[in-house]
Amino acid sequence: MLLQKKQYRVHGLTGQFCDASRELIYRRSIHERVREEFSLAVSVAASVFGMFAIADYYLLGFTSAFYMLLTMRVVVVSLCLWVAYIVRRGGISDDRSWLHAVPLWLFATGIILIVPLRPESLSTQTTAVVVATMAFCLLIPNRLTVVAAASLYLNIGFLVAAVLFAKLAPIPTLLLSLLLIMGMVVGFCALLRLEILQRKQYALLHEEREQNLQLHQEIAHRESLEEQLRVLAERDALTKLNNRGHFMNVAKKLLQRSQADHVPFSLFMIDVDHFKQINDTWGHSYGDWVLIRVAEVCAEALRPSDVIGRFGGEEFVVALPNTSTSDAQRVAERLKQRVAELAFTDEMSELSLSVTIGLATTNADESNLEALIKRADDMLYVGKRSGRDQVVVCRDGLRQD
Ligand SMILES: Nc1nc2c(ncn2[C@@H]2O[C@H](COP(=O)(O)OP(=O)(O)OP(=O)(O)O)[C@@H](O)[C@H]2O)c(=O)[nH]1
């Protein structure tokens, strides 16, 4: 934050960002607006400057001084309109920003040149110089240094011309100097304040944007952490199936729903046969891999509404809401078949894998998940004792295989 504040510090005299790269970025961001405003301001000022040819005519008539003034006005107006056109068409790139100064120096020169040709109208011209100084400051956006230099040239040039050609006495010269200085100071301060305010506004907007961005990143990071924590809390690290605790929570809700809807709810326990031998023969990591493959095959063979979890070790549990015993038995047989068909390569190619499944379905008013698991587990035990690789079904406390 401190670093950002430093980036957005504005210089008290130039009204620009102290950080040159920040100033460049700022200028680029307002480039389009400045281009249009500059072009419009120069076009309007050129038209007004040209219109004063009427005043020249009334003061001088068709004299040589009038024609000289007219020529000067035509040159200034044409050049200014040309620059305004260039700016509007192609814009001013950063390396050609001096083009902003050209119309100001042209106007200034034009106004100064009026003094030797119309020295008697000095008071009117003094007003014009003050107005022009203000116009430079207020109508030329974001170019404080350019404007300050051009204003200085206009005012000093005008004062010198007034002394030389209008033969101004020392006291009126002093008064005129004070008036011009006042005009320059007021114009400069107004522009400086405008520049500083604009940059502060820009800095605030950017700081707010950056803070918003950081906030969004923080929220996304927290959401991803929460998701990771949730996965850790609910998933089994090895098989990525629901862990026992999460399975129990979900299965309990499903069982309650089935009871409320008066539909059957089946559950089976799956145990990999002779799994210890797999570990002993190929090692623990191969055993892990077998568990992962069994978990994948089982999960793939189930409906989206069924829920599977790892109960512990090489034992899995499946809840089948709205499923009768006969339907659940078909699913169990299918699972057993899929596991048996699992193909292992290389070192484990000789492995013939089988599972024993104990199946139980709820009685009419049964809502105790633990009791259902116990019955399925009992059937699993029966299956293990009677040769493994089979599905053993229990309904209403009776065994059916
Ligand atoms: N690789 C691996 N082995 C595990 C994991 N959890 C439990 N086991 C092993 O699984 C084996 C289970 O052995 P037993 O309970 O005797 O069962 P079994 O060998 O499958 O025999 P039956 O179930 O009677 O067919 C044990 O050796 C455990 O160490 C695990 O996450 N990874």
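**The ligand shell and its surroundings**

Mentor: Bear in mind that this is a predicted model. The ligand is surrounded by 16 residues, and D273, F275, K276, G287 and G313 are the closest. By residue class, the shell consists of 7 charged, 5 polar and 4 nonpolar residues. Three elements each supply at least two of its residues: the strand β1 (265–272) and the helices α10 (275–282) and α11 (284–301). Of the elements, α11 gives the most, with 4 residues.

Next, the nonpolar packing. The largest nonpolar core has 45 residues. L267, F268 and I270 are among those with the most contacts inside that core, and β1, which spans 265–272, also supplies residues to the ligand shell. V318, I357, L359 and A376 also belong to the group with the most contacts in the core. Leaving aside residues up to four places away in sequence, L359 touches S266 and F268, then A328, Q329 and A332, then A376 and M379, and finally V391, V392, V393 and C394.

As for the rest of the chain, an unreviewed UniProt entry lists "transmembrane region" for residues 38–59, 65–86, 98–116, 122–140, 147–168 and 174–194. In the model, residues 65–86 are 100% helix and 0% strand, with end C-alpha atoms 32 Å apart. Residues 147–168 are 86% helix and 0% strand, and their end C-alpha atoms lie 27 Å apart.

Note on methods:
Residues numbered from 1 in each chain as written. Predicted model: local features only at pLDDT ≥ 70, side-chain atom pairs only at ≥ 80, totals over all residues. Near = placed C-beta within 6 Å. Nonpolar A, V, L, I, M, F, W, Y, C, P; charged D, E, K, R; others polar. UniProt positions renumbered as here; feature names shortened; annotations may be inferred. Core = buried A, V, L, I, M, F, W, Y, C linked by C-beta atoms within 7 Å. Buried ≥ 20, exposed ≤ 12 C-beta atoms within 10 Å, placed from the backbone. Contact = placed C-beta atoms within 7 Å.
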